[in-house]
Amino acid sequence: MKQTTIGGTKRKVTNALAMLGLIIIFIAYMFPFIMVVINSLKQKRDIIKSPFSWLFTIKGLSFDNFVNAFTQMDFLNAFKNSLIVTVSATVLVTLLAAMLAYYIVRHNNGISKFTFALMVASMIIPFQAIMIPLVSIYGGTLNVLNHRITLIFMHTGFSMAMSVFMFHGFIKGNVPMALEEAAYIDGCTHSQTFFKIVLPLLKPIISTMVILNSLAFWNDFLLPSLVLTDKKLLTLPLSTYSFYGTYSADYGTIMAGLLLCVIPILILYVALQKQIIGGVVAGAVK
Amino acid sequence: MRKKVIARSISLGLVLVLMTAMLTGCRFGFASDPDDPNEEEKEVPIDTSTDTFEYDASLSGTNITLLNSKAEIQVALEKMGAEYEKKSGVHVEVMPVTDGDSPYTKVVSLYNSGTPPTASILDTTDIIALAEEKAADLTGEPWTAEAEGYLTEVNGKIYSFPLCIEGRGIIYNKAVIEKALGESFDADSITTQSEFVALLDRLVDAGIEKPVSMAKEDWSLGAHQLQYIYETYEGTSEGAQKVIEDIKAGKLDLSSYNRMSQFLDGFDILKKYNVAKGDPLGADYDEMAIDLADGKTAFWFNGNWAWPNISEAGANEEDEYGFLPYFLNDDKSDFVNQKIQASPSKQVMLDGQIATEKEQAAAKEFLNWIVFSEIGQQMLVKTCNIIPPFKNNPYEPGDPLSADIYAKVHEDKAFNASAIVPNDHWAVLGASMQKYLAGRSDREELISDIQKYWDEQE
Amino acid sequence: MKSKNSGKDFCMFALPGMFCFFAVVIIPFIYGVYLTLTDWNGVSKVKNFIGLKNFGGVMRDGQFWTSLLLTFKYVIFVVVIVNVLAFAIAYLLTRGIKGQNFFRAGFFTPNLIGGIVLGYIWQFVFSRVFVSIGESTGWKLFEVSWLSDPTNAFIALVVVSVWQLSGYMILIYVAGFMGLSEDVMEAASIDGASGFVKLKSIIMPLMMSSITICLFLTLSRAFMVYDVNLSLTAGAPYGTTEMAAMHVYEKAFTSRQFGVGQAEAFILFIIVAVISGLQVYFTKKQEVEA
């Protein structure tokens with residue numbers, strides 16, 4: 001990205017001011033996160049009595065919290081479970097939502113309108129309102145709880161509305177009909193057109209949705225806690241339960257555990273950021 | 001683009017550092033300092049050489065689940081389950097209830113999902129709500145004979161196993177008091193409210209400006225403090241029940257009920273000497289434990305469950321901590337000034353609806369094993385650090401708080417009363433108590449809140 | 001897509017997604033609405049039909065209406081601040097500022113932490129970090145914990161929600177700004193349009209579709225606030241910061257009035273549906289085709 005040079009010095013001054021403002025807000029944004037990093041290396045007593053003190057003034061700075069968190073969480077197993085659930089659900093919801101949104105945009109019929117309206121409305125259903133009905137249907141009647149596949153299916157269902165909503169907006173604004181018509185003239189079937197022509201155009205929004213959905217699945221606590229009770233299946237957030245006591249929490253281990261959960265998703269974001277930016281730029285140039 | 005490469009390498013670097021640190025378990029700084037409070041606690045050895053318990057061999061291979069709502073004994077229960085499995089072949093899966101999820105909600109959702117736990121550790125109110133609908137009848141189980149006085153009956157039947165006795169009062173740190181006053185301190189010498197105030201004043205003069213810690217949490221204020229007004233009626237659960245019925249029926253006027261005003265007198269004293277007086281609702285639970293252990297304060301209103309926190313704050317099992325009663329008045333003959341409250345809190349309920357006969361039998365055997373086997377008895381007290389409500393259990397708890405409760409229960413210096421109140425009592429009235437604690441409401445408003453709460457109950 | 005074979009298209013493109021959605025969201029929701037008409041308590045085996053009696057219980061539950069009023073206040077603050085802030089930051093981040101990729105990653109961090117944990121961290125920041133800063137600096141602002149005063153606790157809730165939601169909205173606004181063609185912006189600058197005029201008459205209309213989405217998302221999320229409410233204040237001090245969603249949950253499970261709680265959830269849903277419906281309708285009208 002090249003900086004536009006119109007405006008000369010005035011532009012430079014405003015840019016400098018903007019930069020300063022940005023840095024201040026940026027620090028405010030990072031503050032809790034910095035606190036987590038600093039305190040994850042301290043002992044409970046120091047965390048409580050002097051949460052803000054700099055690391056080198058504290059005695060007993062150590063990686064113990066990380067070691068504890070790692071073993072208590074059964075990190076590798078929980079990591080594997082989280083990975084399976086997050087990856088499958090993300091792939092599934094991204095693909096199905098893109099297809100459904102594409103159908104809705106291109107077929108302006110009754111079913112499309114009804115489904116879309118219902119989906120938008122459903123985004124404001126409080127999860128607590130369907131929590132008990134959900135477990136009584138899937139557990140009591142169908143008896144399919146405690147399987148990863150059930151959780152993947154539910155994650156897919158719950159994030160469908162939001163994903164369709166986002167894809168719908170993008171397809172409407174950024175995918176020209178002309179390309180598809182050309183493809184049909186060349187003799188492509190509908191699915192060929194979708195997978196070869198439309199899907200590649202969706203790259204920027206796909207990257208965004210992959211990030212947002214995988215984050216939601218990776219961090220979700222309430223739904224997995226309802227679906228999974230078998231210890232071997234617990235995901236990362238569920239595996240940190242034991243750090244929260246009835247009367248007080250084990251802050252150091254919690255913060256270390258949190259960082260352990262967050263790092264994989266941070267890597268994903270850094271990797272995908274290029275896609276998001278590159279993709280949007282490519283779309284804008286069209 | 002360069003920045004991104006930097007960001008990427010930083011995050012990768014961070015991961016690598018963390019990974020190596022975890023794998024090598026490295027520590028730096030002064031982590032091996034001798035008074036490191038985080039040091040691994042040494043495990044209490046369990047003697048497994050004698051075991052006269054008779055196991056039912058036909059149950060071997062059965063799987064049972066135990067829902068645990070007492071987070072601090074999660075690991076201990078897992079160990080206990082593993083030990084029991086070694087002997088009996090019955091596998092016990094201990095399921096935790098997580099924070100942000102009440103035990104009752106968890107049980108309800110598990111019942112709805114068709115996979116209720118075979119056994120659940122719950123509060124007495126929850127047991128009463130679920131007993132007749134879901135629980136297995138435990139009347140006549142062998143252990144009931146050993147827990148006399150600690151059993152909860154619902155319409156003449158027993159549905160729950162009392163897991164532990166818990167007591168509460170004003171925790172004192174003996175060493176701090178003695179050091180400040182320069183003389184030896186005998187907790188039994190304080191027998192009235194005035195004597196307690198006199199002691200507090202002497203401590204203030206000796207330099208401990210605010211000698212009391214009190215929690216701002218609604219469960220502490222709404223349940224542990226406020227429930228004294230029911231439980232001190234005559235020091236029994238029946239008496240507490242009667243007060244509640246009378247308040248509901250309008251037969252007891254709270255504004256003229258003597259325990260109500262006495263309780264508030266006691267509460268006002270704690271409030272006056274509160275270390276967090278400037279910001280009582282900003283008090284931090286963990287900090288209270290540290291303050292008590294460090295000697296910044298001398299008293300903390302709490303129960304024996306506070307020991308893990310105090311110990312984590314640096315106290316040792318050899319240190320002298322104990323309980324003073326929650327003084328209500330100056331009458332030396334009034335039991336409340338001489339006895340502390342201690343009663344069974346957590347109870348185990350067995351599922352009688354979905355669990356198979358075999359699972360129920362295995363769960364029943366597990367409960368009997370806790371009470372009658374030498375290993376179970378030891379583990380209940382030593383591993384879980386619980387005060388057992390069972391007469392036949394010869395072991396004494398190791399930490400000073402539990403040991404003090406244990407001694408008081410055996411010396412008749414404790415009263416066994418627990419009020420059975422609706423489940424939202426602590427939350428709703430805890431909020432009213434917070435308001436009073438913060439000085440944003442007066443006695444009249446608090447009392448009318450309590451009356452209003454009971455009027456709304458059916 | 002041409003209209004031939006539309007049945008096959010429907011089965012292939014629309015059906016799988018719709019199936020997941022209906023099975024997981026709509027059917028349990030309908031079942032939940034049915035439950036509001038019964039006296040089921042969440043546990044018992046029998047469910048008796050009792051008509052609208054639970055809704056009568058909602059009317060009598062004064063605390064619910066208080067919490068709803070508070071929620072409205074909260075929503076207004078959050079929606080306005082989040083959108084203004086996110087819009088401004090996104091604008092800056094797409095103006096070719098040095099290190100903007102690095103900044104974007106930073107502003108994204110609030111998204112990395114899930115709801116409940118996030119509330120705990122902020123609780124720690126408000127009650128421990130700020131107070132300790134107050135102790136060492138003597139600043140009146142941080143002298144007592146913000147969470148122990150009703151007004152400050154409310155502000156704390158707004159601050160945390162803004163922090164959390166704006167990270168997400170920045171992403172969407174950034175995508176919107178990147179979609180604006182550079183020609184439009186340059187043309188506006190050459191025409192000598194001042195910053196404000198440029199913003200009002202050129203940028204805003206073109207950004208309207210992003211604004212519609214962000215307003216809708218912030219509105220619905222702010223109304224539904226639960227995780228942060230529970231873990232940051234849990235309604236404290238003395239129940240003054242209990243929002244509607246948390247009250248519903250407490251009613252159903254702590255007070256054990258399952259039917260009434262479920263009915264309150266339903267009423268909350270209707271209110272949010274109407275308000276966000278109106279919002280989408282009005283902002284959509286402002287949208288122009290880019």
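Among contacts in chain C between residues at least 6 apart in sequence, what percentage join residues at least 24 apart? In this predicted model, the share is 72%. The corresponding value for chain B, again among contacts between residues at least 6 apart in sequence, is 74%.

Chain C contains 11 helices and zero strands, and its elements accordingly read α-α-α-α-α-α-α-α-α-α-α from the N terminus on. Its C-alpha trace spans about 75 × 70 × 30 Å along the principal axes. Of the 290 residues in chain C, 54% are buried.

Chain C is in contact with chain A through 78 residues of chain C and 79 residues of chain A. On the side of chain C, the largest share is contributed by helix 1 (residues 6–35) of chain C, with 21 residues. Sorted by class, this side of chain C comprises 55 nonpolar, 18 polar and five charged residues.

Two residues of chain A illustrate contacts with chain C in detail. A:Leu100, leaving aside its neighbours within four places in sequence, is in contact with A:Val164 and with C:Phe13, C:Ala14, C:Gly17 and C:Met18. A:Ile130 belongs to helix 6 (residues 127–141) of chain A. This residue is classed as buried because 25 other C-beta atoms lie within 10 Å, the cut-off being 20 or more. Not counting residues up to four places away in sequence, A:Ile130 touches A:Ile125, C:Pro28, C:Phe29 and C:Gly32.

The largest nonpolar core has 304 residues, of which A:Leu100, B:Ile171, C:Tyr173 and C:Ala245 touch the most other members. The largest share of this core comes from helix 6 (residues 150–179) of chain C, which supplies 18 residues.

Within chain A, helix 3 (residues 64–72) includes the buried residues A:Asp64, A:Asn65, A:Phe66, A:Ala69 and A:Phe70. After helix 3 of chain A comes A:Asp74, which has a positive phi, near 55°.

Confidence in chain A was also examined. The mean pLDDT of chain A is 80, with 86% of its residues reaching 70 or more. Among the elements of chain A, the highest mean pLDDT, 93, is that of helix 4 (residues 75–106), whereas the lowest, 69, is that of helix 13 (residues 251–285). Over residues 1–6 of chain A the pLDDT is below 50, and this stretch has seven contacts in the model beyond near neighbours in sequence. The pLDDT also stays under 50 over residues 278–286 of chain A, for which the model has 14 contacts beyond four places in sequence. Where pLDDT is low, the predicted coordinates should not be read in detail.

Chain B has 17 helices and 13 strands. Of its 458 residues, 48% are buried. The chain is divided into domain 1 (57–164 + 345–390) and domain 2 (168–342 + 417–456). A distance of 31 Å separates the C-alpha centres of domain 1 of chain B and domain 2 of chain B. Contact between these domains involves five residues of domain 1 of chain B and five residues of domain 2 of chain B. On the side of domain 1 of chain B that touches domain 2 of chain B, the largest share, three residues, comes from helix 4 (residues 124–134) of chain B. By class, the residues on this side of domain 1 of chain B are two nonpolar, two polar and one charged.

Notes: Residues are numbered from 1 along each chain as its sequence is written. Chains are lettered from A and ligands numbered from 1 in the order in which they are written. This is a predicted model: local features need pLDDT of at least 70, side-chain atom pairs count only at pLDDT 80 or more; totals for chains, interfaces and linings use all residues. Domain bounds come from an automatic or database domain assignment. Helices (H or I, at least four residues) and strands (E, at least two) are DSSP runs, numbered from the N terminus. Ala, Val, Leu, Ile, Met, Phe, Trp, Tyr, Cys and Pro count as nonpolar, Asp, Glu, Lys and Arg as charged, and the others, Gly among them, as polar. A nonpolar core is a set of buried Ala, Val, Leu, Ile, Met, Phe, Trp, Tyr and Cys residues joined through C-beta atoms within 7 Å. A residue is buried if 20 or more other C-beta atoms lie within 10 Å of its own, exposed if 12 or fewer, and partly exposed in between; C-beta atoms are placed from the backbone. pLDDT is the predictor's confidence in each residue, from 0 to 100.
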